[in-house]
Amino acid sequence: MLTEEYSTSMQKGSIVILDFGGQYAHLIARRVRECGAFSAILPPETPAEKLKDAAGIILSGGPQSVYEEGSPQADAKIFELGIPILGICYGHQWTAHALGGTVKPGKIKEYGHTSIDVLGGSLFEGLPKKFTVWMSHGDEVSVVPSGFSVFAKSTTCPIVAMGDERRKFFGTQFHLEVVHTENGQEILKRFVSLCDHAPWSVDDFSKRIREQVKADVGDRKVFMLVSGGVDSTVAFTLLNDVLGTDRVQGLLVDTGLMRKDEVKTIQKTFAERGITNLHVEDASEEFFTNLENVYEPEQKRKIIGDTFLAVQKRVSERMGLRAEDGWMLGQGTIYPDTIETGGTKHADKIKTHHNRVPAIEELIAKGLVIEPLKELYKDEVRKLGEELGLPHDLVWRHPFPGPGLGVRILCAQEPSSTEEGSVPCDVPYAMLPLKSVGVQGDGRTYRHALVLFADFDAEPAKFAPLATTIPNADRRFNRVLLCLTKNERTDFTFASRSITRERADLLREADAIVDEEIRRADLYQSIWQFPVVLLPVGFTDSGQTIVLRPVASQEAMTANAVLLKRAQLQSIVERIQKLPGIDAVLLDLTNKPPATIEWE
Ligand code: XMP
């Protein structure tokens with residue numbers, strides 16, 4: 001069984017982040033770890049009694065007003081625990097509210113960069129007297145609680161930061177955890193140094209988790225699905241390292257939707273480490289058969305997911321990997337997968353991770369699941385992977401969606417048209433007879449993309465503003481692309497297509513070309529993710545189109561299109577154009593929002 005300490009992931013000496021529902025709880029937790037302190041995220045209403053072993057508490061931001069009915073409240077007894085407390089944005093306002101200060105709507109709602117004047121306080125010691133911070137608030141503290149002093153102000157907000165040095169309680173109206181706040185990490189470091197915290201480093205964690213794996217598994221064995229992604233590869237390697245190859249069994253389901261040579265590369269990587277207990281099941285035919293004549297994106301995902309489960313169940317039964325015979329399930333779950341930020345009750349957006357579906361929760365409750373990475377962030381998993389001796393290229397590879405290339409092979413039965421109307425665009429354009437997923441406001445959209453045609457010497461960056469103005473002004477569109485292979489306006493043709501092995505092979509080749517070329521040009525590390533997408537549209541009857549979608553991002557919640565230069569794209573475009581049946585290559589210029597990273 002998992003120990004209480006491990007399962008709550010709040011070990012003694014943690015700095016606890018109480019998540020009031022902003023998007024930043026994970027970012028704060030990571031920044032705290034960068035200061036060398038153990039951090040854990042807990043729901044805002046966690047009773048103070050449960051927090052008495054914490055070294056410090058950080059109250060996160062959140063979208064509501066402290067005086068609004070139903071707004072998230074922490075247990076005010078946390079102020080009696082005698083440990084340092086730092087409130088950020090909503091957390092700062094809640095601190096003032098809970099300790100007898102006053103919070104009111106600000107005169108001006110502030111979003112973005114603001115210059116502040118530092119007046120004093122230990123958290124600001126040695127820092128410049130004036131610097132830029134990042135604000136996102138409607139409310140502000142107008143009267144500090146008794147015992148507090150004002151530490152910083154701005155021209156529009158008289159109490160930007162406050163603190164009570166004696167009790168070690170602090171609050172900042174700005175988000176010190178985001179990169180746009182100058183000196184943010186320095187302020188956090190000063191707070192962390194006031195806390196009597198447990199140390200954090202991947203090395204220490206690695207030692208601790210090895211002991212934990214031994215204790216949790218006991219004399220049982222572990223069965224694990226391996227996808228080729230960073231998390232499952234690192235988890236599988238660690239389990240083999242700790243338990244030995246005869247007590248671990250891996251299964252890799254070849255869906256036919258994996259990247260070029262991926263299965264061979266994974267097998268080779270493990271074989272080089274003496275890990276030969278990975279069974280590869282080629283189920284590609286079954287996947288392609290089930291996906292025949294399927295056109296809806298959600299339907300496609302469901303079929304891929306269901307087929308995967310059916311194959312996994314069949315193979316594990318065939319191999320006799322049953323709980324009664326002493327087998328546990330291993331998963332590569334990482335920390336953000338276990339905690340959706342926004343807490344539970346206060347979440348603006350909740351999604352259940354596939355590692356936390358009810359059937360898996362049941363197994364977890366029975367102590368039948370081992371997740372060695374469940375306290376780690378992605379960067380930490382990568383460091384652990386390097387420590388285990390896994391190849392650098394594998395450990396630092398771009399994220400790749402679970403359903404593989406299946407997400408990126410667009411399917412449609414009929415061409416899609418939209419109502420006529422002029423588009424606010426002075427560059428020649430054509431509409432794609434196809435819709436794709438985007439995200440605008442709080443919801444997903446399913447709209448058209450617009451393709452621009454321009455002289456071959458005009459750089460993509462020149463057209464980037466249109467990728468914001470067009471979707472903002474015209475609700476028919478959520479994406480704007482630049483055609484890299486034609487400079488004159490041309491209408492697109494359409495052919496009804498679903499996922500087939502031929503299309504998967506074609507996209508696999510285009511994807512491999514992109515991967516090879518961006519590594520060769522030394523662009524791989526500077527691009528966060530580079531989806532390559534196959535569309536059932538072209539300029540001839542049966543032609544198809546490839547979309548290049550390089551993005552810069554931190555956590556995939558938002559993303560910016562990477563505006564590569566023509567020279568950087570040249571070899572990619574030339575090679576993809578030579579693939580059979582490819583009529584056009586397009587570059588997606590759209591940020592997220594209004595588009596998503598993937599096309600679906
Ligand atoms: P979107 O397209 O929503 O993608 O902007 C955000 C991030 O999530 C990845 N993604 C997935 N990952 N299973 C996964 O494991 C999925 O079904 C899935 N769909 C999208 C996507 O690649 C991007 O990094």
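## Terms and overall division

A polar contact is a pair of N or O atoms within 3.5 Å; within protein, one atom must be able to donate a hydrogen and the other to accept it. The structure described here is a predicted model. Its protein chain is assigned domain 1 (15-193), domain 2 (202-405) and domain 3 (429-588).

## The interface of domain 2 and domain 3

The C-alpha centres of domain 2 and domain 3 are 30 Å apart. To their contact, domain 2 gives 26 residues and domain 3 gives 23 residues. The size of an interface is often expressed as the accessible area lost when the parts come together. For domain 2 and domain 3 the area buried between them is about 2000 Å², with 51% of it on carbon and sulfur atoms.

Four salt bridges are counted between domain 2 and domain 3. A salt bridge also links the side chains of Glu509 and Lys260, with an N to O distance of 3.3 Å. Ten residue pairs are in polar contact across the interface of domain 2 and domain 3, both residues of each pair being at pLDDT 80 or more. On the side of domain 2 that touches domain 3, the elements giving two or more residues are α8 (284-291), α9 (297-318) and α13 (392-395). Helix α8 supplies the largest share of this side, four residues. By class, the side of domain 2 that touches domain 3 comprises twelve nonpolar, five polar and nine charged residues.

Helix α3 spans residues 90-98 and is mostly covered, as seven of its nine residues are buried. The buried residues of α3 are Tyr90, Gly91, His92, Gln93, Trp94, Thr95 and Ala96. After α3 comes Gly100, which has a positive phi near 95°.

Tyr90 is also among the residues touched by Ser71, together with Gln64, Ser65 and Val66, when residues up to four places away in sequence are not counted. Ser71 belongs to the loop between β3 (56-59) and β4 (85-88). Its relative accessible area is 6%, and because buried means under 20%, Ser71 counts as buried. The side chain of Ser71 reaches two backbone oxygens: that of Ser65 at 3.3 Å and that of Glu68 at 2.9 Å.

## Gly13 and its contacts

Gly13 lies in the loop that runs between α1 (4-8) and β1 (15-18). With a relative accessibility of 10%, Gly13 is buried. Neighbours within four places in sequence aside, Gly13 is in contact with Phe38, Asp53, Ala55, Asp196, His197 and Ala198. Gly13 and Pro199 are separated by 186 residues in sequence, yet their C-alpha atoms are 8.3 Å apart in space.

## Backbone exceptions

Most residues other than glycine have a negative phi, and most peptide bonds are trans. Lys168, although not a glycine, has a positive phi of about 60°. Lys168 is placed in the loop between β8 (161-164) and β9 (169-172), and its relative accessible area of 33% makes it partly exposed. Asn293 likewise has a positive phi, near 60°. Asn293 sits in the loop between α8 and α9 and is exposed, at 54% relative accessibility.

The bond from Lys592 to Pro593 is cis, with omega near -20°. The bond joining Pro593 and Pro594 is cis as well, with omega about 10°.

Technical notes. Residues numbered from 1 in each chain as written. Predicted model: local features only at pLDDT ≥ 70, side-chain atom pairs only at ≥ 80, totals over all residues. Heavy atoms only, no water. Domains from an automatic or database assignment. Contact = heavy atoms within 4.5 Å. Buried area = accessible area lost by both parts, 1.4 Å probe. Nonpolar A, V, L, I, M, F, W, Y, C, P; charged D, E, K, R; others polar. Buried < 20%, exposed > 50% of the residue type's maximum accessible area, 1.4 Å probe, protein only.
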